[in-house]
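Here are my notes for someone opening this one for the first time. Have a look at the picture, then go through the points below.

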Amino acid sequence: MLLDFSSLSKFRTEISALGDFFFHGETSLFIEDIINKKNQHKVFAVFRDEKVAGFLILSTVLDESEILEVAVSENMRRCGLGSELMEEVFGWCAKNEISQIFLEVRESNFPALAYYKKYGFAENGLRKNYYRDPLENAVLMSKKLF
Ligand SMILES: CC(C)(COP(=O)(O)OP(=O)(O)OC[C@H]1O[C@@H](n2cnc3c(N)ncnc32)[C@H](O)[C@@H]1OP(=O)(O)O)[C@@H](O)C(=O)NCCC(=O)NCCS
């Protein structure tokens, strides 16, 4: 579901704990900025047993969106939760007339590359040595919605 302001405040600790592990502390910074109204990113979340099992952060400028982060709890992967998040994002983008979605992903992140390809994202280029710890290229991907 797309989290409104009060749900985001309620679940921010759980989302940050899940994301910061994978994204080196960036998730809590994104969420803090949303709460403090420093950006208008959207946060989608999926729940199991009333706990956050996955989330996705989407940034939008005019009619283009970017997936900034997506993660599912390690012990709940390959159960369709990532797919649920992506379907919700596509639904939101359709309603909001978003024409294209962009993202970048580590070159070695095969599960994520497979996930994005399954949902129709195409590779458009490489950003050399973009990531640190460890140093790695970013694959640039995008999907046209209309
Ligand atoms: C990428 C990620 C969000 C996918 O979430 P998920 O809940 O496991 O995804 P789903 O179960 O809905 O799988 C959807 C599709 O993704 C692909 N996929 C997901 N994990 C995969 C894996 N380990 N190997 C190959 N393909 C994979 C498959 O095509 C899968 O469809 P299928 O099950 O019909 O084969 C999850 O692996 C994750 O949290 N990874 C760590 C964080 C991350 O890498 N984020 C992206 C950074 S840019």
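How many strands does the open sheet have, and in what order?

1. The sheet. It is an open sheet of six strands, in the order E1-E2-E3-E4-E6-E5, and the pairing is mixed. Strands here are DSSP runs (E, at least two residues), helices are too (H or I, at least four), and both are numbered from the N terminus. Two strands pair if DSSP finds at least two bridges between them. At the edges sit strand E1 (42–48) and strand E5 (122–131), each of which pairs on one side only.

2. Before you go on. This is a predicted model: local features need pLDDT of at least 70, side-chain atom pairs count only at pLDDT 80 or more, and totals for chains, interfaces and linings use all residues. Residue numbers start from 1 along each chain as its sequence is written.

3. The E1 end. E1 and strand E2 (residues 51–61) run antiparallel and are joined by seven bridges.

4. The E5 end. Strand E4 (residues 100–106) is joined to strand E6 (residues 136–144) by seven bridges, and the two run antiparallel. E5 and E6 also pair in the antiparallel sense, over six bridges. E5 and E6 form a hairpin with four residues between them, and Asp133 in the turn has a positive phi of about 50 degrees.

5. Helix H1 (residues 5–23) packs against helix H2 (residues 26–35) at an angle of about 150 degrees, with the axes 6 Å apart. Axes are lines fitted to C-alpha atoms over the stretch in contact, and angles run from 0 to 180 degrees between N-to-C directions. H1 and H2 are therefore roughly antiparallel (angles over 145 degrees count as such).

6. The ligand. Which residues are closest to the ligand? They are Gly82, Ser83, Pro111, Ala114 and Tyr115, out of 18 residues that surround the ligand (C-beta atom, placed from the backbone, within 6 Å). Strand E3 (64–72), helix H3 (81–95) and helix H4 (110–118) each give two or more residues to this shell. H4 supplies the largest share, five residues.

Note on methods
Angles under 35 degrees count as roughly parallel, over 145 as roughly antiparallel, 65 to 115 as roughly perpendicular and the rest as oblique.
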